[in-house]
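Colleague: I am new to this one. Could you walk me through it and tell me what stands behind each label?

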Amino acid sequence: MTTSSTPAPGWDDSYGIAERIATILRRREETVAVAEGSAGGLISAALLAVPGASAYFLGGTIIYTMQAHSAFIEGTIERPEGMRGASEPFAKYLSRAVA
């Protein structure tokens, strides 16, 4: 078995974006919490890879299944009726629930 220390394709782009986000959050003295679905933890990983992430990263969760939604999100805030996953309203709902 061989292993490679080369990150997956696209990691440099994600890390670069995370660095810019980290700079903005620090400058504004703001924090972020992340609720991910299809990103599977990659957003949190990119933000946490930037040194000093504890200054702006509160935490996160991966809400990929209904079981995860029930365990981590359900009941924190009211879910709008008829809302579908993988939509902007759903992303806003998740972000408010995690915050």
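**Labels and what backs them**

Modeller: Start with a charged pair. R28 and E30 form a salt bridge, and their closest N and O atoms lie 3.8 Å apart. Keep in mind that this is a predicted model.

Colleague: Why is the contact between R28 and E30 called a salt bridge?

Modeller: The rule asks for a side-chain nitrogen of Lys or Arg within 4 Å of a carboxyl oxygen of Asp or Glu. The N and O atoms of R28 and E30 come to 3.8 Å. That is within 4 Å, so the pair counts as a salt bridge. Side chains of opposite charge can pair when their charged atoms come close.

Colleague: What makes R28 exposed or buried?

Modeller: Exposed means over 50% relative accessible area. R28 has 53%, so R28 is exposed. E30 has 38%. That value falls between the 20% and 50% limits, so E30 is partly exposed.

Colleague: How many salt bridges are there by this rule?

Modeller: The count is 2. K92 also forms one, with E88, and the closest N and O atoms are 3.4 Å apart. That is within the 4 Å limit, so this pair counts too.

Colleague: Where do K92 and E88 lie?

Modeller: Both are in helix 4. They sit 4 residues apart, about one turn of the helix. E88 is exposed at 56% relative accessibility. K92, at 39%, is partly exposed.

Colleague: Now the rings. Why is the pair of F90 and Y93 called tilted?

Modeller: Two values decide. The ring centres of F90 and Y93 are 6.0 Å apart, and the limit for a pair is 6.5 Å, so they pair. Their planes meet at 35°. Stacked needs under 30 degrees and edge-to-face needs over 60, so this pair is tilted. The count of aromatic pairs comes to 1.

Colleague: How do you know whether F90 and Y93 are buried or exposed?

Modeller: Buried means under 20%. F90 has a relative accessible area of 14%, so F90 is buried. Y93 has 2%, so Y93 is buried as well.

Colleague: Which residues lie closest to the centre of the largest pocket?

Modeller: The pocket holds about 360 Å³ of space. Of its 18 lining residues, G37, I63, A86, F90 and L94 are the closest to its centre. So F90 belongs both to the aromatic pair and to this lining.

Colleague: What makes up the lining of the largest pocket, by class and by element?

Modeller: By class, the lining has 10 nonpolar, 7 polar and 1 charged residues. Strand 1, helix 3 and helix 4 each supply at least two residues. Helix 4 gives the most, with 4.

Colleague: Which residues form the largest nonpolar core?

Modeller: There are 10 of them, including A18, L25, V34, L47 and F57. Helix 1 and helix 2 each supply at least two residues of this core. Helix 1 gives the most, with 3.

Colleague: What makes V34 a member of that core?

Modeller: Membership takes a buried residue of a listed type, joined to others through side-chain atoms within 4.5 Å.

Colleague: How much of the chain is buried?

Modeller: Buried residues make up 26% of the 99 residues. The chain has 4 helices and 2 strands. From the N terminus, they run α-β-α-β-α-α.

Colleague: What stands out about phi of E29?

Modeller: Phi of E29 is near 55°, a positive value in a residue other than glycine. Most residues other than glycine have a negative phi, and most peptide bonds are trans. E29 lies in the loop between helix 1 and strand 1.

Colleague: Is E29 exposed or buried?

Modeller: E29 has 74% relative accessible area. The cut-off is over 50%, so E29 is exposed.

Colleague: And why is A39 called partly exposed?

Modeller: A39 stands at 26%. That lies between 20% and 50%, so A39 is partly exposed. A39 is found in the loop between strand 1 and helix 2.

Note on methods. Residues numbered from 1 in each chain as written. Predicted model: local features only at pLDDT ≥ 70, side-chain atom pairs only at ≥ 80, totals over all residues. Heavy atoms only, no water. 1 Å grid on protein atoms, 1.4 Å probe; cavity = no way out; pocket = protein on both sides within 12 Å on 5 of 7 lines; lining within 4 Å. Points joined across faces, edges and corners; volume = space filled by probe spheres on them. Nonpolar A, V, L, I, M, F, W, Y, C, P; charged D, E, K, R; others polar. Buried < 20%, exposed > 50% of the residue type's maximum accessible area, 1.4 Å probe, protein only.
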